[in-house]
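Subject: Structure for you to look at

Hello,

Please find the structure below.

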Amino acid sequence: MNYDERVQILIELQVDLSGKLEMMECEEDLLCKQKKNFGDAWTSAKTESAYGDLNEAARKKIKETTEYAKGISKKITKRISSIEAAYKAEYEGYRSLTWRIAEIDPIKYKQKYDEKSNQLNYLSCDGGVKARLINEFQQNNFLR
């Protein structure tokens, strides 16, 4: 799995997690409103107290889960940043191989083209980086 695929999967996970976080925060708000709205409707003090305790326990659990999910989201964001930095560093390290070949003689140009092309094809790097480098090399250096 190359860097681009890893980042895509992490972004999808983060989007899904964000939706769940929003849903949990809405549930917490709903519980707060219910406690206020139903407080006057109870006929027995015991029932009202029990409902209040249950409401508080549910709100506490939702809050804990929300904080945990936010922590995971931060870790995902940090991981995406580190993958993107690794991609950029690897790309920048080999970018000079994609520069335009400055050669007038067509035979020497072809030799240099083949040499650089082979060098790019046999690079030991991420597949996404390699594909980008090869594409840029071909765009910068076309055979006449």
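Does lysine 110 count as buried, partly exposed or exposed, and what is its relative accessibility? Lysine 110 counts as partly exposed, because its relative accessibility is 36%, and partly exposed covers the range between under 20% (buried) and over 50% (exposed). Please keep in mind that this is a predicted model.

Salt bridges

Side chains of opposite charge can pair when their charged atoms come close. The structure holds five salt bridges, and three of them are described here, starting with the one made by lysine 110.

- Lysine 110 pairs with aspartate 114, with 2.9 Å between the closest N and O atoms. Both residues belong to helix α3 and are four residues apart, about one turn of the helix. Aspartate 114 is partly exposed, at 31% relative accessible area.
- Lysine 20 and aspartate 16 meet through their side chains at 3.8 Å, N to O. Both lie in helix α1, again four residues apart. Lysine 20 is partly exposed at 43%, and aspartate 16 is partly exposed at 43%.
- Glutamate 64 and lysine 61 have their closest N and O atoms 4.0 Å apart. They sit in helix α2, three residues apart, about one turn of the helix. Glutamate 64 is partly exposed at 41%, whereas lysine 61 is exposed at 53%.

Helix α3

Helix α3 runs over residues 106-121 and has 16 residues. From first C-alpha to last it reaches 22 Å, close to the 22 Å expected. Its buried residues are Tyr109, Tyr113, Ser117 and Leu120. Seen down the axis of α3, these fall within an arc of 60°, so they line one face of the helix. They pack against α4, residues 127-140. The face turned away from the buried side carries the exposed residues Ile107, Gln111 and Glu115.

The core

The largest nonpolar core has 25 residues, and Leu120, Leu123, Val129 and Leu133 touch the most other members. The elements giving two or more residues to this core are α1, α2 (45-94), α3 and α4. Leaving out residues up to four places away in sequence, leucine 123 touches Tyr94, Leu97, Lys130 and Leu133.

Leucine 30

Leucine 30 lies in helix α1, residues 3-38. It is partly exposed, with a relative accessible area of 41%.

Regards

Methods:
Residues are numbered from 1 along each chain as its sequence is written. This is a predicted model: local features need pLDDT of at least 70, side-chain atom pairs count only at pLDDT 80 or more; totals for chains, interfaces and linings use all residues. Side-chain values use heavy atoms; hydrogens and water are left out. The expected span of a helix is 1.5 Å times one less than its number of residues. Buried means under 20% relative accessible area, exposed over 50%, partly exposed in between (1.4 Å probe, protein chains only). The arc is that of the directions from the helix axis to the C-beta atoms. Contact means heavy atoms within 4.5 Å. A nonpolar core is a set of buried Ala, Val, Leu, Ile, Met, Phe, Trp, Tyr and Cys residues joined through side-chain atoms within 4.5 Å.
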